[in-house]
Amino acid sequence: MIKSLTNIIIPKYKLNYNIERDKNIIQASLAKNIKLPFSCRSGVCGTCKAKIIKGKVNLNTKINHVLTESDIENNIILTCQAEAASDLLELEMLSPVANQIIVGKPKELISEILSVKQITQEIKLISISVSKRFAASPNQLSYMEIIIPGMDVSDKYYIFNNYNGDNLLHEGTITLYVKNSKNLITNNYLNKNLLAGEIITIKGPFLENNIPIFMNSPTLFLSKDSHTIKTLNIIRELLLTGFKEPIMIISYFIDIKNIILMEEMHRLQFLYKNFTYKISLLNKASSTSSRFLLGSISKNINKIFPNLSSHYIYINGDDYFIIETKKKIIELNAKDESIYIELNN
Ligand code: FES
């Protein structure tokens, strides 16, 4: 099916690009590696205000807590709540679009592996050298690919650097969590070549465009095993962009040896008052800490939440995990329209 496009023009910043019609403007622009100004994405802060110079948007049933009647009469919209609805859409952004947040095109880079740390049997944390001029996306959801000779497609490896205020990576390194692949050729290549001192070719940054639009409500993230890498990156992005509602992640691992990212969850909890985490383990934890729950999330969740009707819920995992977990949260009154599912077998 041919998709209809909208040509977005923002003359002041010399931006001229196409997005898919009927898609949220902020999200569809991010998918094109262009970060327009936004913060809450919930129609509350007004950071994403823009004036329509030409063209149409669709605002049906969307939220607005900031626009006055006179704003609306003057064609001012919240781009976080608007979908492009014409062939051409010319906008004037009312907050500045900073130079450094416009991300460059993905590039192929020949880079040296600086260090490799085996995190679990399945997952390595690798650090790769890149030119200091390499500007990765400001968004925590950017990822790199590792070019495998003879393979057309590559797995996604989310960049897990800490950003330093201006959102560019100046350290000259990229940090990636690399999980064993389901593809044998990829796996053989990763096993042989992911060693400190080896040279590999990487490509990126790409920006993940599979991201839910979060509501302005308490948000619960539920994820299993390595899916916690992407889930935690979404949380990092939300926290960095000023999301103020309570956020909790419950991640589910088979065994204490498989736990990943607990240190990062702990760091985020220390930095952000609205963030907390719990870890659910199938095999008994050797600790009595209340941080750990024994058993699956579906077994444990009602010990934390008697009612989930006011929560937005994101679930990332395999099909069994999703079916079990969704069943349980529906029993706890979660609303179907407030559940976002990301299936990754
Ligand atoms: S109102 Fe749109 S980003 Fe806050």
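The following legends describe close-up views of a predicted model. Local features require pLDDT of at least 70 and side-chain atom pairs count only at pLDDT 80 or more, whereas totals for chains, interfaces and linings use all residues. Residues are numbered from 1 along each chain as its sequence is written.

**View 1. Mixed open sheet of 5 strands.** The strand order is β2-β1-β7-β3-β5 (strands are DSSP runs of E of at least two residues, and helices runs of H or I of at least four, numbered from the N terminus; two strands pair if DSSP finds at least two bridges between them). Because β2 (15-20) and β5 (76-78) each have a single partner strand, one side of each lacks a neighbour in the sheet. Strands β3 (residues 49-54) and β7 (residues 88-93) are antiparallel and share 4 bridges; Lys 54 has Glu 90 in β7 as its bridge partner.

**View 2. Antiparallel open sheet of 6 strands.** The order is β11-β10-β13-β8-β9-β12, with β11 (157-158) and β12 (173-179) at the edges. Strand β9 (residues 123-129) is joined to β12 by 7 bridges, and Ile 128 stands opposite Ile 174 in β12. Strand β13 (residues 199-207) contains Pro 205, and the peptide bond from Gly 204 to Pro 205 is cis, with omega near 0°.

**View 3. Positive phi at Asn 75.** Asn 75, in the loop between α2 (69-73) and β5, has a phi of about 65°. Asn 75 counts as partly exposed because it has 15 C-beta neighbours inside 10 Å (buried: 20 or more other C-beta atoms within 10 Å; exposed: 12 or fewer; partly exposed: in between; C-beta atoms are placed from the backbone).

**View 4. Positive phi at Leu 261.** Leu 261 lies in the loop between β15 (247-253) and α5 (262-271), with phi near 70°. Leu 261 has 24 C-beta neighbours inside 10 Å and therefore counts as buried.
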